[in-house]
Amino acid sequence: MEARSIPVGRSFGSRADYEVVAALVRRAANEILRVPGAAIPGVLAPTIFFLGLTAVFGNLTLLPGFTTETYQSFIIPVSLMQGAGFTGAATGVNMARDIEQGWFDRLLVSPAPRAVLLAGLVLSASLRALVPATVLLSVGFALGVHWPGLDGLLLAIVLVMGMGTAAALWGSSIALKFKTQSAAPLMQAGMFTLILTTTAYAPLELLTGWLQTVAEYNPMTQVIEAARQGFVAGGIAWAETWPGLLCLFGLIAILGAWALHGMRRASD
C-alpha cells in the first residue's frame, strides 16, 4: 500500500481516511485470494466442532429444559461465533507477522490516524468472518438446522461480524504487546475460552457448578443467546436481542481502546 500525502489538519472521517481503510481491506482480501489455504483453519475447526458435538451430545435435547428439538439448531450459533473468533484472531497473527517483517512500521510512519489504521485492519476481519459463517450455515441447513427467519439470519450475521471485530481487536492487542507470531495460541485460546464458557452446550438452567456461574456472568452468553433465538424459536424479540448487542458493543469498545492504546505506544 502506497502512502499518500494527507493534510495534517484534516478532520477525522475525511475521504483520505476512507481510502486508507479501503486499501487495508483490499490487502486482506488479496491475501485470501493469493493464499486461500490460510482461510481453511477458520472454516474447518468450527465445522468439525459443529459436527462432532451434534453427534456426541445430540440426545441432550431429550432432557427437560431444552428449547429446541434439534441439537443442530442449538449449537449452530456457537459454531458461528467460533468461526468469527478464529478468523478475527488470525488478524492478530497477520499483524504479528507484519511487525516481524517490518511492514507494520511503514503503516505507523504514515500520516493516517492510528484509529483509521486499526479500523481498516478489524473491518477486514469482520468481512472475512462471513466466509466460515456461510460454510457453517450451508452445512447446518443441510443437516436440519431450523430456518431462523430473515430477521433471525440478519441478526446472526450482524453478531458474527461483530464477533469477528472483537476477536480482531483482541488479536491485534496481543500482537502489539508481544510483537511475535509465537503469541498466536494466546490469541486463539482467549476467544475459544470466552465462547465455550457460555451456554454453549446446554441452557443455563441445565449447567452445574462453576460452569453455570461463569456462564451466567460471561457477557458472551448474552451474545450467544441473541444469535440462538432465531434458530430455536423461529423468530427474534427485542428483549432477547438488546442484551447481546450491548454486551458485544461493550466488548468491542473495551478491546478497541486497548488495541488503540497499543497502536499509539508502538508509534512512540
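Ser73, Phe74, Ile76, Pro77, Val78, Leu80 and Met81 in H3 meet Met220, Val223, Ile224, Ala227, Arg228, Phe231 and Val232 in H10, where contact means heavy atoms within 4.5 Å. By class, these residues of the contact of H3 with H10 are twelve nonpolar, one polar and one charged. Here Ala, Val, Leu, Ile, Met, Phe, Trp, Tyr, Cys and Pro count as nonpolar, Asp, Glu, Lys and Arg as charged, and the others, Gly among them, as polar.

A word on sources: this is a predicted model, where local features need pLDDT of at least 70, side-chain atom pairs count only at pLDDT 80 or more, and totals for chains, interfaces and linings use all residues. Residues are numbered from 1 along each chain as its sequence is written, and side-chain values use heavy atoms, with hydrogens and water left out.

Now the geometry. H3 covers residues 71-101 and H10 residues 219-233, and they pack at an angle of about 130°, with axes 8 Å apart. Helices are DSSP runs (H or I, at least four residues), numbered from the N terminus. Axes are lines fitted to C-alpha atoms over the stretch in contact, and angles run from 0 to 180 degrees between N-to-C directions. H3 is therefore oblique to H10; angles under 35 degrees count as roughly parallel, over 145 as roughly antiparallel, 65 to 115 as roughly perpendicular and the rest as oblique.

Next pair. H5 (residues 114-128) and H11 (residues 238-266) pack at about 120°, with their axes 10 Å apart. Arg114, Ala115, Leu117 and Leu118 of H5 touch Gly256, Ala259, Leu260, Met263 and Arg264 of H11. That contact has six nonpolar, one polar and two charged residues.

Note on methods. Helices (H or I, at least four residues) and strands (E, at least two) are DSSP runs, numbered from the N terminus.
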